[in-house]
Every structure is written in C-alpha cells, then in structure tokens.
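I keep these entries as a record of what I looked up, in the order I looked.

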Amino acid sequence: VFRWASKRVPAPNLETPQGEKLQQTLAQAGFIKSAAAHTYQVVRVLVAVGCGVVALLIGIVLHTDATQPLLYVLAGVGIGTFVPSYYVNRKARIRQIAISHQLSDVLDLLVVCVEAGMGLYEAIKIVGNECERQGQEIGIELNLVASEISAGASLGQALRGLAERTAVDDIKPLAATLI
C-alpha cells in the first residue's frame with residue numbers, strides 16, 4: 001500500500017518556506033534522509049485516509065442518521081492529518097532534550113581527547129563513533145559532522161549544520177566558540 005501511495009502522492013516542494021520548515025522539523029526529529037519529506041507526506045495521507053475509514057465505520061455502526069457518519073469522517077480525517085505532525089514534533093522535542101542532556105558528557109570526552117593530543121576532527125570522529133555505539137543521539141550528529149568535514153566542508157560549516165539540525169540552544173554558542 002505504501003509503495004502504491006508513494007507513487008501517487010506528490011512530494012512536497014522543499015523550496016517553499018513551508019517545505020523548508022518541514023525539512024528542518026524532520027531533521028530535528030532525526031529523519032535526515034533525502035526522501036524523509038516525501039515519506040512523511042505519504043504517511044500523513046495514509047493515516048488521514050485510514051482514520052477517515054475507521055471513523056466512517058464507527059459512524060455507520062453508532063448512528064442511523066445519514067449526516068452523522070459524514071461528521072465522523074471529517075473528524076477522522078482531521079485527526080489523521082494532525083497525528084503525524086504531532087508525532088514528528090514530539091519526537092523532535094524528545095530528541096532535543098536527549099541531546100541537551102548528553103552534551104556535557106560529550107564535551108568532557110572531547111576535551112580529554114584534545115588534551116591527549118588529538119586534533120579536533122579526530123576527537124569528534126572518535127567520540128561520535130563511541131556515542132553512537134552507546135545508542136546516544138548526539139553520536140549520530142557528531143558522525144554527521146565528521147562526515148561533512150571529510151566530504152570537504154569546513155569545521156565551521158559542519159558545526160553550523162549541527163546547530164541547525166539539532167536546534168539545541170546550548171550547541172549554537174558551542175559551535176561559535178569552536179569556530
């Protein structure tokens with residue numbers, strides 16, 4: 001069903017302000033793949049249709065009046081449209097809180113690595129790998145920073161990207177200090 005729907009539901013235009021905000025919210029929630037916005041759009045349509053069908057069935061079973069099932073369908077579609085947005089926003093908030101709590105330990109590890117004689121890039125790479133191995137969200141982000149640097153981005157660009165992706169208030173001044 002998902003493959004069928006993904007061929008028929010158009011991808012959102014990421015050039016518009018709404019598309020940019022959607023992409024930023026998905027990145028903050030941890031959905032960083034290029035197809036995340038289209039997948040989100042497809043899931044949103046499927047959930048809305050599914051909730052509408054369930055609400056129609058409930059409306060038919062509970063009421064004999066012809067207009068009541070229609071109201072149930074409208075409510076179901078509305079709820080189905082809202083639920084994916086709520087889920088992504090909630091996941092983004094939870095992820096931001098987790099990264100914020102993990103930041104102090106990561107900074108300590110980075111300081112230890114740099115004081116031991118490593119460069120900042122190597123320290124970011126090692127700490128990122130270790131944190132990701134431990135299942136911490138900040139490890140994934142540090143590995144993305146290391147990947148961006150190895151792909152040719154400057155440390156400043158990679159750290160600004162980290163600050164934008166996470167939207168954690170403590171990372172912005174840290175990135176500015178490291179730059």
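In which helix is Ala55 found? I find Ala55 in helix 3. I note that the model is a predicted one.

**Entry: Ala55.** I looked up the accessibility next. Ala55 has 10% relative accessibility and therefore counts as buried, the cut-off being under 20%. Leaving out residues up to four places away in sequence, I list Tyr72, Val73 and Gly76 as its contacts. I also took a C-alpha distance: Ala55 and Leu70 are 15 residues apart along the chain, and 8.8 Å separates their C-alpha atoms.

**Entry: surface of helix 3.** Helix 3 covers residues 36–62, and Val49 is found in it.

**Entry: helix 2.** I checked the length of helix 2, residues 17–28. Its 12 residues reach 16 Å from the first C-alpha to the last, close to the expected 16 Å at 1.5 Å a residue. Which residues of helix 2 are buried? I list Gly19, Leu22, Thr25, Leu26, Ala27 and Gln28. The cover over the buried residues of helix 2 includes helix 3, helix 4 and helix 7. Just after helix 2, I see Gly30 with a positive phi of about 100 degrees.

**Entry: nonpolar cores.** The largest nonpolar core has 21 residues, and Val106, Val127, Ile138, Val145 and Ile171 touch the most other members. Two or more residues of this core come from each of helix 4 (67–115), helix 5 (120–133), helix 6 (137–150), helix 7 (155–166) and helix 8 (171–178). Apart from this core lies another, of 8 residues, which includes Leu26, Ala36, Tyr40 and Ala92. I then went through the contacts of Ile138, not counting residues up to four places away in sequence: Ile99, Gln102, Leu103, Val106 and Cys131.

**Entry: Ala167.** Where is Ala167 placed? I find Ala167 in the loop between helix 7 and helix 8. Its phi is positive, about 55 degrees, although Ala167 is not a glycine. Most residues other than glycine have a negative phi. Ala167 counts as partly exposed because its relative accessibility is 23%, and the partly exposed class begins where buried, under 20%, ends.

How values were computed. Residues are numbered from 1 along each chain as its sequence is written. This is a predicted model: local features need pLDDT of at least 70, side-chain atom pairs count only at pLDDT 80 or more; totals for chains, interfaces and linings use all residues. Side-chain values use heavy atoms; hydrogens and water are left out. Helices (H or I, at least four residues) and strands (E, at least two) are DSSP runs, numbered from the N terminus. A nonpolar core is a set of buried Ala, Val, Leu, Ile, Met, Phe, Trp, Tyr and Cys residues joined through side-chain atoms within 4.5 Å. Buried means under 20% relative accessible area, exposed over 50%, partly exposed in between (1.4 Å probe, protein chains only). Contact means heavy atoms within 4.5 Å. The expected span of a helix is 1.5 Å times one less than its number of residues.
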